[in-house]
Every structure is written in C-alpha cells, then in structure tokens.
Amino acid sequence: MIKHYKDLRVYQISYDLALKVYKTTLDFPDFEKYELGAQLRRAALSIPANIAEGYGKKDSVNEFKRFLKISLGSNNEVKVMLDFAKDLKYLDEQKYTYLFRKYEELGKQIYSLIQNWK
C-alpha cells in the first residue's frame, strides 16, 4: 500500500538514478561540471522532486498527473543530455547505455502511472 511518495517505485528509481547521474557528472571536464553537468543534474533531480511534490497533491488526481507529466518531460530532457554527453565523449559507451536504458524504462513507468492513477 502506498502511504508516502517514497513508496512509489518511480520515485525510488528516479531518486537512485539522479544520484548516479550526479556522481557521473563529477567526472566531466571542469568547465562542463558547471554547464552541461549542472543542467543534467538539475533535470535528473527534477524527476523525483516533481513526483514527490505532485504526490503531496494526490487528492487532486489531475494535479498529481500534471506533476508526473513534468517528471516525464524532465526524463526526456535527461536522455537528450545523455546523448550530448556521450557524443562529446564525456560518457563512455557502457555508462551511457546503462543510464539511457534506465531512463527509457523509467519514462515508460512514469507514463504507465499517468495512465493508471485514479
């Protein structure tokens, strides 16, 4: 039974991924830690933050879904920035593939929650 936003699987996954992204960007070149790295960290953190904020408004189904949609948008933003980081050679293929696939899965789970939350 879900009693707290931390009980939501999408929150747990997104929080864990945000930590991984945060740690990964610390290996970016110094000038990119404050440019692409900072934007990537903000987008990754935005996902669990919006899930938590929206869950606080869960009494309004439409309001919670609105925050989930914002989370889904941030999820897509992360994927674009992961592509960019890979193409700039800030991420090796293995780390990129792992993170990208995890964000692909997370996006599907958020979308499913949007469709099924009542």
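Reader: In this predicted model, is the crossing in which α1 passes α3 left-handed or right-handed?
Author: The model is predicted, so its geometry is computed. Helix α1 covers residues 9-25 and helix α3 covers residues 36-55. Where α1 passes α3, the crossing is left-handed.

Reader: Which residues of α1 and α3 make the contact?
Author: Both helices contribute side by side in the list. From α3 come G37, L40, R41, A44, L45, I47, P48, I51 and A52. From α1 come V10, Y11, S14, Y15, A18, V21, Y22 and T25.

Reader: Is α1 roughly parallel or roughly antiparallel to α3?
Author: The axes lie 9 Å apart, and the helices pack at an angle of about 165 degrees. Angles over 145 degrees count as roughly antiparallel. Therefore α1 is, relative to α3, roughly antiparallel.

Reader: What pattern does the protein follow along the sequence?
Author: The protein has 5 helices and 0 strands. Read along the sequence, the pattern is α-α-α-α-α.

Reader: What is the radius of gyration of the protein, with 118 residues?
Author: The globule rule gives 13 Å for 118 residues. The protein's value is close to that, so the protein is as compact as a globular protein of that length. Its radius of gyration is 15 Å.

Reader: What share of the contacts between residues at least 6 apart in sequence joins residues at least 24 apart?
Author: Contact here means heavy atoms within 4.5 Å. Among contacts at least 6 apart in sequence, the share joining residues at least 24 apart is 69%.

Terms used
Residues are numbered from 1 along each chain as its sequence is written. This is a predicted model: local features need pLDDT of at least 70, side-chain atom pairs count only at pLDDT 80 or more; totals for chains, interfaces and linings use all residues. Side-chain values use heavy atoms; hydrogens and water are left out. Axes are lines fitted to C-alpha atoms, for helices over the stretch in contact, and angles run from 0 to 180 degrees between N-to-C directions. Helices (H or I, at least four residues) and strands (E, at least two) are DSSP runs, numbered from the N terminus. Angles under 35 degrees count as roughly parallel, over 145 as roughly antiparallel, 65 to 115 as roughly perpendicular and the rest as oblique. A crossing is left-handed if the near helix is turned anticlockwise from the far one by less than a right angle, and right-handed if clockwise. The radius of gyration is taken over C-alpha atoms; the globule rule is 2.2 Å times the number of residues to the power 0.38.
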